[in-house]
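Hi,

Here is the structure I promised to pass on. Have a look, and my notes on what turned up follow below.

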Amino acid sequence: MRFDHLACCKNGQPCVVPIYFAYAEGAIYSFSMPGRKVDWMRMNENVCLQIYQRGTGKGWTSVVVDGRFEEFPDTHLWRSERLHAWTLLQMYRLVGNRRVEAADAANGLGV
């Protein structure tokens with residue numbers, strides 16, 4: 001469902017937060033409002049994302065991806081990257097407990 005947990009760290013203190021994300025072209029994109037998580041990632045760009053998927057029965061699979069935080073400031077220079085990220089993030093939306101493609105959701109399917 002593209003909803004998992006991001007970890008960052010400041011001065012040895014870890015912070016784990018839930019995020020929605022999109023993946024494309026070898027990069028993971030997310031949107032966040034200002035706050036502790038963004039402040040910490042600006043100070044220490046090393047992050048990791050835990051992605052898990054439930055299997056059958058009690059089974060599950062988990063992957064931890066290490067990466068580097070990169071911010072796309074709201075400036076003309078970063079406009080195309082910000083629009084690309086936002087487009088990817090809007091491709092799916094959650095309706096109830098199901099993932100629905102944005103085009104279908106806009107047409108009223110699954111709502």
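Bear in mind that this is a predicted model.

Next, the charges. Searching the whole structure gives 4 salt bridges. Three residues, Asp-39, Arg-42 and Glu-71, are linked in a network. Within it, Asp-39 pairs with Arg-42 at 3.9 Å between the closest N and O atoms; these two sit 3 residues apart in helix α1 (residues 36-43), so about one helical turn separates them. Glu-71 also bridges to Arg-42, with the closest N and O atoms 2.7 Å apart. That pair links distant parts of the chain, 29 residues apart, since Glu-71 is in the loop between β6 and α2 while Arg-42 is in helix α1. Elsewhere, Glu-70 forms a salt bridge with Arg-68 at 3.9 Å. Glu-70 is partly exposed at 43% relative accessibility, and Arg-68 is exposed at 52%.

And then there's Asp-4, in strand β1 (residues 3-10). What does a buried Asp-4 do without a salt bridge? Its side chain reaches the backbone nitrogen of Tyr-52 at 3.2 Å, whereas the nearest side chain of opposite charge, Arg-2, is 8.5 Å away. Asp-4 also touches several other residues, including Val-17, Phe-21 and Leu-49.

Cheers

Conventions
Residues numbered from 1 in each chain as written. Predicted model: local features only at pLDDT ≥ 70, side-chain atom pairs only at ≥ 80, totals over all residues. Heavy atoms only, no water. Helix = DSSP H or I, 4+ residues; strand = E, 2+ residues; numbered from the N terminus. Buried < 20%, exposed > 50% of the residue type's maximum accessible area, 1.4 Å probe, protein only. Lys, Arg positive; Asp, Glu negative; His and termini not counted. Polar contact = N/O pair within 3.5 Å; in protein donor to acceptor, adjacent residues only side chain to side chain. Contact = heavy atoms within 4.5 Å. Lists of a residue's contacts leave out its neighbours within four places in sequence.
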